[in-house]
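Trainee: Could we go through this model together, taking the packing of its parts in turn?

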Amino acid sequence: MTRPEWLPPVMLGPAGWSLFLDLDGTLCPLVARPEQVDLSHAQRRMLRRLNERLDGALCVVSGRGLVDLQRILRDVPIRLIAAHGAETPDFASAEVGPASALLRRLHAPLLRLAAAHDGVWIEDKGHALALHYRQRPELGEPLDHEVRALAADAAELRVMHGNHVIELLPRAISKGQALTRAMQHPAFSGRTPVAVGDDVTDEDAFAAAQALHGFGVHVGRRPDTIARFRLPCVVVANTWLDVLADAPPPSTTVFDDDGRALSGTPG
């Protein structure tokens with residue numbers, strides 16, 4: 001696996017991009033409870049500018065449900081992919097088939113599993129069930145074994161890990177498949193897909209973007225990523241996005257031999 005490069009924030013200006021941003025751990029820091037997450041006024045202004053810079057080819061891609069994403073984004077008019085691609089109001093939706101019924105069947109056993117451990121709780125996302133254990137990180141491995149045992153006969157479902165969360169969701173759903181469908185939308189088609197995220201769940205989006213001749217940007221220091229580029233943390237990711245939102249078109253920017261942006265325009 002090739003080690004990701006640190007991303008030069010000005011050289012890779014966003015002209016011609018379709019930009020897909022994760023929320024938790026990318027735009028916003030990870031917190032104990034998902035309902036505590038919100039965007040600052042500065043972030044809202046930055047996302048509006050970035051959306052204008054990209055001519056509307058900006059999308060937030062999250063494991064959160066659509067209602068929750070809409071609560072957080074509120075007055076920011078950008079497209080949303082929620083629940084790992086199960087809820088896509090602006091794009092074609094995935095077919096989940098009988099997987100939803102299997103999730104309903106497993107809801108009660110998962111609730112019992114969570115209730116047996118202090119600090120562990122279940123989030124029902126509609127198209128997915130998430131077992132959160134951020135307050136009990138030492139339980140990650142045993143909880144994984146128990147969730148896999150519960151879902152052993154549910155071939156239509158997959159178990160997916162995130163930052164101190166284990167999710168059960170239909171196999172037909174992933175951020176990568178959602179990104180691929182979104183790239184057929186007129187606002188995104190013909191552009192270079194760029195996926196930015198921090199978690200294992202974002203690897204599917206990186207793979208899809210790179211298969212379509214774009215690239216992934218991993219936020220953090222996780223070593224096992226296929227992303228071509230890396231940003232070290234949420235703060236740097238927001239700074240990079242802020243720079244992109246105001247970046248001039250590449251044709252008006254001159255760079256020296258080391259890739260540093262110079263003032264002035266080409267002669």
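Predicted model: local features only at pLDDT ≥ 70, side-chain atom pairs only at ≥ 80, totals over all residues.

Trainee: How far apart are the axes of helix 5 and helix 6, and at what angle do they cross?

Mentor: Helix 5 covers residues 175–182 and helix 6 covers residues 203–211. Their contact is made by Lys-175, Gly-176, Leu-179 and Thr-180 on the side of helix 5, and by Asp-204, Ala-205, Ala-208 and Ala-209 on the side of helix 6. By class, this contact has 4 nonpolar, 2 polar and 2 charged residues. The axes come within 7 Å and cross at roughly 35°.

Trainee: Why is helix 5 described as largely enclosed by the rest of the structure, and which elements do its buried residues pack against?

Mentor: Helix 5 is largely enclosed because 6 of its 8 residues are buried. The buried residues are Lys-175, Gly-176, Ala-178, Leu-179, Arg-181 and Ala-182. The elements they pack against are strand 2, strand 3 (58–61), strand 4 (79–81), strand 9 (192–197) and helix 6.

Trainee: How does helix 1 lie relative to helix 7, parallel or oblique?

Mentor: Two packed helices are described by the angle between their axes and the distance between the axes. For helix 1 (residues 41–53) and helix 7 (residues 234–246), the angle is about 45° and the axes are 8 Å apart. Angles under 35 degrees count as roughly parallel. At about 45°, helix 1 is therefore oblique to helix 7.

Trainee: Which residues of helix 7 meet helix 1, and what is the handedness of the crossing?

Mentor: From helix 1, the residues taking part are Gln-43, Met-46, Arg-49, Leu-50 and Arg-53, and they meet Asn-238, Leu-241, Asp-242, Leu-244, Ala-245 and Asp-246 in helix 7. By class, the contact of helix 1 with helix 7 has 5 nonpolar, 2 polar and 4 charged residues. The crossing of helix 1 past helix 7 is left-handed.

Trainee: How many aromatic pairs are counted, and which residues form one aromatic cluster?

Mentor: The count comes to 5 aromatic pairs. One of them joins Trp-17 and Phe-215 edge-to-face, at 5.5 Å centre to centre with 80° between the planes, and it links strand 2 (residues 17–21) to strand 10 (residues 215–219) across 198 residues. Phe-215 also pairs edge-to-face with Phe-229, at 5.1 Å centre to centre and 80° between the planes. The residues of the one aromatic cluster are Trp-17, Phe-215, Phe-229 and Trp-240.

Trainee: Which parts does the pair of Phe-215 and Phe-229 tie together, and are these residues buried or exposed?

Mentor: Phe-215 lies in strand 10 and Phe-229 in strand 11 (residues 229–231), so the pair ties together parts that are 14 residues apart in sequence. Phe-215 has a relative accessible area of 6%, and Phe-229 has one of 5%. The cut-off for a buried residue is under 20%, so Phe-215 is buried, and Phe-229 is buried.

Trainee: Turning to the loops, is His-84 buried or exposed, and is His-213 buried or exposed?

Mentor: His-84 sits in the loop between strand 4 and helix 3 (99–115), with a positive phi near 60°, while His-213 is found in the loop between helix 6 and strand 10, with a positive phi near 70°. The relative accessibility of His-84 is 2%, whereas the relative accessible area of His-213 is 72%. His-84 therefore counts as buried, and His-213 as exposed.

Notes: Residues numbered from 1 in each chain as written. Heavy atoms only, no water. Phe/Tyr/Trp six-rings, centres within 6.5 Å; stacked < 30°, edge-to-face > 60°. Helix = DSSP H or I, 4+ residues; strand = E, 2+ residues; numbered from the N terminus. Buried < 20%, exposed > 50% of the residue type's maximum accessible area, 1.4 Å probe, protein only. Axes fitted to C-alpha atoms, helices over the stretch in contact; angles between N-to-C directions. Parallel < 35°, antiparallel > 145°, perpendicular 65-115°, else oblique. Left-handed = near helix turned anticlockwise from the far one by under 90°. Contact = heavy atoms within 4.5 Å. Nonpolar A, V, L, I, M, F, W, Y, C, P; charged D, E, K, R; others polar.
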